[in-house]
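Here are some notes to read with the model open beside you.

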Amino acid sequence: MMIAIIGAGVSGLSCAWWLQRQGVAVRVFEAAERVGGKVSTLAADALCEQGPNMLLLDEELQQWLAELGLSPLWPERGSGLRHVLRSGRYRPLPSGPWQLLAGSFLSWPAKWALLRGLLRPGSPKEAEASLAEFCRRRFGQEVLDKLLDPLAGGVFAGDPEELALEETLPRLARAAAQPLPLWRGLWRQRTARARMCTLQGGLQQLPQRLARDLDVRLGAPVTALRRDGEGWRLRTREGWTRAERVVLALPADAAAELLHPLAPEMADICRRIPYAPLAVVSTLLDGEAMDRPLPGYGALHPSGEGALTLGHLTVSNIYPHVCPAGTRLVTSFIGGRRHPESLESSDAALLNGLNAELEKLFGMRGKPLAQYLARWPQALPQGTGLQRRLRGAAAPWSGRGLHLCANWLDGASLPDCLGKGRRLAKQLAARASGFA
């Protein structure tokens with residue numbers, strides 16, 4: 001049996017690697033000339049991540065990295081402090097609900113609302129709400145404006161009114177669906193804390209290592225997909241290839257094009273999945289060129305602050321090795337779901353606006369030593385109610401040998417993508433062995 005995987009992003013490569021490990025023949029088709037999708041590391045004056053900036057490791061994933069020969073590089077001590085922009089100035093972000101209740105970040109009425117929300121039992125209907133609807137009803141508008149709004153923008157580049165709770169914060173959604181106080185539902189789901197890391201040479205080392213021993217065809221877009229008896233046929237530039245099963249691990253709109261002749265309902269849902277566009281800018285500065293350098297990890301910007309960026313990551317605080325001694329590296333994120341028009345500006349206009357913001361917020365003086373800008377028109381798929389519909393439409397096709405494994409379904413983070421690839425590989429290998 002040969003399984004064809006269309007797309008060499010992290011989800012597809014993870015699935016292929018685990019399939020091959022279990023003795024299943026697998027071939028990966030990738031339209032681009034490189035693997036990794038949005039995982040992209042630029043090695044220039046500094047080591048700049050132009051896509052995902054970190055990897056969260058639990059014990060299982062750390063063991064897998066060791067097996068791959070990849071060693072995690074841990075953040076500097078004291079670099080975990082986050083900030084939120086408030087009235088034009090940065091304020092430290094409390095690290096948890098009890099710190100929120102004890103500190104001055106929230107007003108007393110908001111603290112009481114937060115406490116009541118943690119004590120109130122949930123219901124299945126509540127778990128189906130949007131992030132904004134859930135937060136507003138349970139904790140109030142102030143918690144939404146000061147906490148969830150910058151989280152939605154900084155982590156998901158999204159709009160909390162659009163993002164679905166169950167798709168973006170599934171642990172919180174599961175807790176909210178139980179007839180228990182919310183804090184108890186969260187406590188029951190507690191797991192070992194994952195640790196943030198990067199990799200020597202950048203995160204791009206991960207997809208490159210996964211692909212190293214696989215049959216990956218680069219520059220090989222699949223332009224048609226057809227049912228062929230109990231199996232499938234795929235058309236590439238080299239002609240038609242037969243496979244017993246097919247895994248779609250490519251962007252949602254590209255998947256829709258292949259699916260339309262076969263499953264128009266599923267294709268329509270894929271076509272409608274929204275993406276947030278992003279411009280990611282790495283700014284290298286002389287170490288003395290900031291009057292007000294921000295300590296810790298970086299900062300998030302609530303939409304009400306009117307900032308150009310969604311936030312900044314103070315990379316050289318977290319991983320000093322990524323830039324030369326005596327310099328600072330800051331990564332900034334522009335655009336997102338609520339401000340896609342920002343990416344209509346030229347590179348020069350974006351950089352001028354960013355530098356004005358760095359001068360205002362950080363006291364940047366003079367010109368940066370270097371700046372690198374990457375544009376991602378489809379940076380982050382947004383978790384909305386469409387994913388629930390997609391699961392229903394896709395379920396019958398898995399029995400026919402067509403599977404979905406991409407960042408637009410069941411989580412977009414690197415651990416999500418690695419995990420879903422491994423789970424699907426396990427299912428497919430079991431079927432290949434006749435056990436399922």
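Leaving aside its neighbours within four places in sequence, which residues is Ile 5 in contact with?

1. Ile 5 touches Gly 12, Cys 15, Ala 16, Leu 19, Val 26, Arg 27, Val 28, Phe 29, Val 247 and Ala 249, leaving aside neighbours within four places in sequence. Contact here means heavy atoms within 4.5 Å.

2. A word on how to read this: the model is predicted, so local features need pLDDT of at least 70 and side-chain atom pairs count only at pLDDT 80 or more, while totals for chains, interfaces and linings use all residues. Residues are numbered from 1 along each chain as its sequence is written, and side-chain values use heavy atoms, with hydrogens and water left out.

3. Ile 5 also belongs to the largest nonpolar core, which has 39 residues; Ile 5, Leu 19 and Leu 55 have the most contacts inside it. (A nonpolar core is a set of buried Ala, Val, Leu, Ile, Met, Phe, Trp, Tyr and Cys residues joined through side-chain atoms within 4.5 Å; buried means under 20% relative accessible area, with a 1.4 Å probe and protein chains only.) Among the elements that each supply at least two residues are β1 (2-6), α1 (10-21), β2 (25-29) and α16 (414-432). Helices (H or I, at least four residues) and strands (E, at least two) are DSSP runs, numbered from the N terminus. Apart from this core lies another, of 35 residues, including Ala 255, Cys 270, Ala 406 and Leu 409.

4. Now look at helix α12 (residues 264-272), where Met 266, Ala 267, Ile 269 and Cys 270 are buried. They sit on the same side of α12 because they cover an arc of only 160° around the axis, taken from the directions from the helix axis to the C-beta atoms. The buried residues of α12 pack against α11 (252-259), α15 (386-398) and β20 (402-404).

5. How many cavities of 30 Å³ or more does the structure hold? There are 3. (A cavity is a set of points on a 1 Å grid over the protein atoms alone where a 1.4 Å probe fits but cannot get out; lining residues have an atom within 4 Å of a point. Volume is the space filled by probe spheres set on the points, which are joined across faces, edges and corners.)

6. The largest cavity has a volume of about 140 Å³. Of its 16 lining residues, Glu 49, Asn 53, Thr 198, Val 315 and Tyr 319 lie nearest its centre. β9 gives the largest share of that lining, 3 residues.

How values were computed: Buried means under 20% relative accessible area, exposed over 50%, partly exposed in between (1.4 Å probe, protein chains only). On a 1 Å grid over the protein atoms alone, a cavity is a set of points where a 1.4 Å probe fits but cannot get out, and a pocket is an open set with protein on both sides within 12 Å along at least five of seven lines; lining residues have an atom within 4 Å of a point.
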